[in-house]
Amino acid sequence: MTIATLEPNTNNDFNQDTFNTYVMNTYGRFPVTIEKGSGCRLWDNNGKEYLDFVAGIATCTLGHAHPAMIEAVTKQIQKLHHISNLYYIPEQGELAKWIVDHSCADKVFFCNSGAEANEAAIKLVRKYAHTVLEFLEQPVILTAKSSFHGRTLATVTATGQPKYQKHFQPLVPGFEYVPYNDIIAIEEAITNIDEGDRRVAAIMIEPLQGEGGVRPGDLDYFLRLRKICDETGILLVFDEVQTGVGRTGKMWGYENLGIEPDIFTSAKGLAGGIPIGAMMCKAKCDVFEPGNHASTFGGNPFACGVSLAVLQTIEKENIIQNVQARGEQLRARLRSITAKYPQLFTEVRGWGLINGMEIKADIDLTSLDIVKKAMEKGLLLAPAGPKVLRFVPPLIVSATEIDQAIDILDNAIAFFE
Ligand SMILES: *Cc1c(COP(=O)(O)O)cnc(C)c1O
């Protein structure tokens, strides 16, 4: 992402130049300093108000300053926030039980981020291949082109986008890439990668590609994937870091596809914006033993206590129903925008409250251009690649807020007509 061409802030104590002197230059930040938030609204340090359709990148499930989160954070920090996994942590056990009771999983491992959850899944696949499948000294994990799985070395290798891997070679061995939603390609890869010890042990895939352009999985494709995995013993691993926790209008993204993965990961929305990651598996691949994998912070009382409060709030307040209704509304209104500007946009796609609007390939307009213009007019959006606008508001977004966002967006787009 490149820097937006908005005017920098001037009337405040915070200095962006000082920030840039000391903080490593790893992000193309917008020259905006967000100071506070409430619900689906944010304010910068000039007092300008924004409607937040980014939600900390699909993370602030309950929006900003939600009473249930304030209560859980306060309660937990007063009681106990961290002790390490040398001891039992009741909040961790309760959270694991909640997840198991509300998913296809039997067991949970906790860490602190999406990449770490995927690392844990990759290690679990490898141990399963070495010990249960036995034949495999060199297990291969198939991942999809235009996928995103994280920034650690193994997860950036798993990520099927060369732009994230540039200058970081040598990458981790044991990954191969196939086009998304293409069953023939998977069948061919499984056949071709079969030389003695080197065989496919798992397919790691997003039920809906998020960063890769908000691309929902095909029902038929995923039904076939499940069947192939059942027949061959290959593990099906879902990266639900962005799609989990109600985001798609179901608790887990896989519910939209009518199948269950053997392993799946979650992070972004799991504790409403407090760092957490989790890797879930079915009993058959629960092969970790003490010493195999660990995390100092993972599963601490603070993150788990807050996550539990977030999940209980989602359940108690029927938030998933809201996601479905607001998602329908949002897609309908986005389609009216694409109909109004057919020279600019091709299509709207998504599930629940993860939606994308694609800009025509052959015109000189990028998602970042529209993101900047919308920001100027008071709506925060995030690109999902150079040609897709991503809409991932907090799951508590109201009908009025959706209408307001679309009005601002329409106004911003009119500039490019
Ligand atoms: C964001 C994301 C990740 C990486 O999560 P981090 O918490 O940034 O490590 C992995 N997979 C998917 C699908 C994501 O959207």
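This is a predicted model: local features need pLDDT of at least 70, side-chain atom pairs count only at pLDDT 80 or more; totals for chains, interfaces and linings use all residues.
Trainee: Which residues surround the ligand?

Mentor: Ser113, Gly114, Ala115, Asn118, Phe148, His149, Gly150, Glu206, Asp239, Val241, Gln242 and Lys268. Residues are numbered from 1 along each chain as its sequence is written, and side-chain values use heavy atoms, with hydrogens and water left out.

Trainee: How does that shell split by class?

Mentor: Three nonpolar, six polar and three charged residues. Here Ala, Val, Leu, Ile, Met, Phe, Trp, Tyr, Cys and Pro count as nonpolar, Asp, Glu, Lys and Arg as charged, and the others, Gly among them, as polar.

Trainee: Which helix gives the largest share of the shell?

Mentor: Helix α5, residues 114–131, with three residues. Helices are DSSP runs of H or I, at least four residues; strands are E runs of at least two; both are numbered from the N terminus.

Trainee: What sits 2.6 Å from a ligand oxygen?

Mentor: A polar side-chain atom of Lys268. A side-chain N or O atom of Gln242 is 2.8 Å from an oxygen atom of the ligand. For Ala115, a polar backbone atom is 2.8 Å from a ligand oxygen.

Trainee: How much of the ligand does the protein cover?

Mentor: 80% of the 390 Å² of accessible area that the ligand has on its own. Those areas come from the Shrake-Rupley method with a 1.4 Å probe; for residues, only the protein chains shown count as cover.

Trainee: New topic, sheets. What is the strand order in the antiparallel one?

Mentor: β14-β15-β18-β17, an open sheet of four strands. Strands pair if DSSP finds at least two bridges between them.

Trainee: Which helix lies across β14, β15 and β18?

Mentor: Helix α11, residues 319–340, running at about 175° to β14. Contact means heavy atoms within 4.5 Å. Axes are lines fitted to C-alpha atoms, for helices over the stretch in contact, and angles run from 0 to 180 degrees between N-to-C directions.

Trainee: And the mixed sheet, what order there?

Mentor: β1-β2-β3-β16, again open. Its edge strands are β1 (34–38) and β16 (379–380). β2 and β3 pair antiparallel over three bridges, and Leu42 stands opposite Tyr50 in β3. Helix α13, residues 399–414, lies across β2, β3 and β16.

Technical notes. A residue is near a molecule or strand if one of its heavy atoms lies within 4 Å of it. A polar contact is a pair of N or O atoms within 3.5 Å; within protein, one must be able to donate a hydrogen and the other to accept it, and residues adjacent in sequence count only if both atoms are side-chain atoms.
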